[in-house]
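This report describes the fold of one protein chain and the packing of two of its elements. The sequence and structure are shown first.

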Amino acid sequence: SSNRVKRSDLTPYIRGQIDGLRALGYYASKISRTLGIAHSTVQSSLDKNPQRNQGESLPRSGRPPILSGADERSIGRAI
């Protein structure tokens, strides 16, 4: 859909549509054309589907800490 914001997560509803079309026997390329979503996005959604709970996004790792545990201990000893 042209209303979808680029680089945003798919909604659980759209993921449900992807899963439903897959259950009907559609291939990723046909689902991509039908829903107007990139083929890689559809394929990625299908690959990650078994890990999801109710179509919700999986948690991300986030930014790594700037200081290691050893660095924090060194700073603590210096203070």
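## Basis and overall fold

Helices (H or I, at least four residues) and strands (E, at least two) are DSSP runs, numbered from the N terminus. The model is predicted: local features need pLDDT of at least 70, side-chain atom pairs count only at pLDDT 80 or more, and totals for chains, interfaces and linings use all residues. Residues are numbered from 1 along each chain as its sequence is written, and side-chain values use heavy atoms, with hydrogens and water left out.

The protein chain has four helices and zero strands, in the order α-α-α-α from the N terminus on. Of its 79 residues, 19% count as buried (under 20% relative accessible area, 1.4 Å probe, protein chains only).

## Arg 15

Arg 15 is found in helix α1 (residues 12-23) and is buried, with a relative accessible area of 7%. A polar atom of its side chain lies 3.4 Å from the backbone oxygen of Leu 10.

## Packing of α1 and α3

The axes of α1 and helix α3 (residues 39-48), which are lines fitted to C-alpha atoms over the stretch in contact, with angles running from 0 to 180 degrees between N-to-C directions, come within 10 Å and cross at roughly 80°. The two helices α1 and α3 are therefore roughly perpendicular to each other (65 to 115 degrees).

In contact (heavy atoms within 4.5 Å), Arg 15, Ile 18, Asp 19 and Arg 22 of α1 meet Val 42, Ser 45 and Leu 46 of α3.

Methods: Buried means under 20% relative accessible area, exposed over 50%, partly exposed in between (1.4 Å probe, protein chains only). A polar contact is a pair of N or O atoms within 3.5 Å; within protein, one must be able to donate a hydrogen and the other to accept it, and residues adjacent in sequence count only if both atoms are side-chain atoms. Angles under 35 degrees count as roughly parallel, over 145 as roughly antiparallel, 65 to 115 as roughly perpendicular and the rest as oblique.
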